[in-house]
Amino acid sequence: MNILVINGPNLNMLGIREKSIYGQKTYGELCDFILNTCRDDGIDVEIFQSNHEGDLVDKIQQAYGVFDGIVINPAAYTHTSIAIPDALKAVNIPCVEVHLSDIYSREEFRHVSYVSPVAEKSFIGHGFAGYKQAIEHLKGL
Ligand code: DQA
């Protein structure tokens with residue numbers, strides 16, 4: 001199995017940004033966690049991060065015919081982007097949504113996810129563990 005993990009804007013700032021919400025661990029540590037999880041589960045993985053909506057759309061389109069599953073944390077674009085769920089629908093690759101924080105217990109503008117309706121499942125507010133849950137959910141499909 002070959003999966004693509006996509007992380008949206010500002011997730012590269014983990015360990016620096018709003019530590020009380022996102023924790024002390026860095027983006028490098030998140031990538032190591034994902035790589036170790038996939039290695040243990042016998043899954044091939046590519047991790048991609050961008051701060052640019054169009055780059056995220058391009059990456060989803062390029063996943064067509066290449067990856068069996070997508071794990072995506074669209075970060076702030078979760079609440080604003082139509083292009084990202086459109087791209088996920090276009091490629092029709094099983095997709096699982098992850099958020100480190102519990103978006104539903106934060107500001108009201110975070111309560112809407114345009115990605116949730118196109119995701120097989122969403123893991124929300126479980127920190128790094130949400131990525132493991134998402135990867136293992138894809139494996140079980
Ligand atoms: C986030 C939640 C979003 O609301 C926020 O804009 C992020 C990160 C999370 O992982 O908790 O950047 O997706």
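Q: What makes both faces of β3 count as covered?
A: Gly69, Val71 and Asn73 on one side are buried, and so are Ile70 and Ile72 on the other. Buried means under 20% relative accessible area, exposed means over 50%, and partly exposed lies in between (1.4 Å probe, protein chains only). Five of the five residues of β3 are buried, and the strand is mostly covered. In a regular strand the side chains alternate between the two faces of the sheet.
This is a predicted model, in which local features need pLDDT of at least 70 and side-chain atom pairs count only at pLDDT 80 or more, while totals for chains, interfaces and linings use all residues. Residues are numbered from 1 along each chain as its sequence is written, and side-chain values use heavy atoms, with hydrogens and water left out.

Q: How do you know that β1 and β3 pair?
A: Two strands pair if DSSP finds at least two bridges between them, and five join β1 to β3, which run parallel. Isoleucine 6 has isoleucine 72 as its bridge partner in β3. Strands are DSSP runs of E with at least two residues, helices are runs of H or I with at least four, and both are numbered from the N terminus.

Q: Why is the unit of β3, α4 and β4 called right-handed?
A: A crossover has that name if, with the strands pointing away from the viewer, the path from the first strand over the helix to the second runs clockwise. The unit made by β3, helix α4 (residues 83-91) and β4 is a right-handed β-α-β unit.

Q: Why do β2 and β5 count as edges of the sheet?
A: The open sheet of five strands has the order β2-β1-β3-β4-β5, with parallel pairing. β2 and β5 (121-124) each have a single partner strand, so one side of each is left without a neighbour in the sheet. From one strand to the next the twist averages 20 degrees. For β2 the partner is β1 (residues 2-7), joined to it by six bridges.

Q: What makes α3 a helix that packs on the sheet?
A: α3 touches β1, β2 and β3 (69-73), and contact means heavy atoms within 4.5 Å. The direction of α3 makes about 175 degrees with that of β1. Such angles run from 0 to 180 degrees between N-to-C directions, with axes fitted to C-alpha atoms, for helices over the stretch in contact.

Q: Why is the pair of lysine 59 and glutamate 46 called a salt bridge?
A: The term asks for a side-chain nitrogen of Lys or Arg within 4 Å of a carboxyl oxygen of Asp or Glu, and this pair has 2.6 Å from N to O. Lysine 59 lies in helix α3 (residues 53-62) and glutamate 46 in strand β2 (residues 44-49), so the pair ties together parts that are 13 residues apart in sequence. Lysine 59, at 14% relative accessibility, counts as buried, whereas glutamate 46, at 31%, counts as partly exposed.

Q: How do you know that arginine 39 and aspartate 40 are exposed?
A: Arginine 39 has a relative accessible area of 58% and aspartate 40 has 59%. The two form a salt bridge, with the closest N and O atoms 3.3 Å apart.
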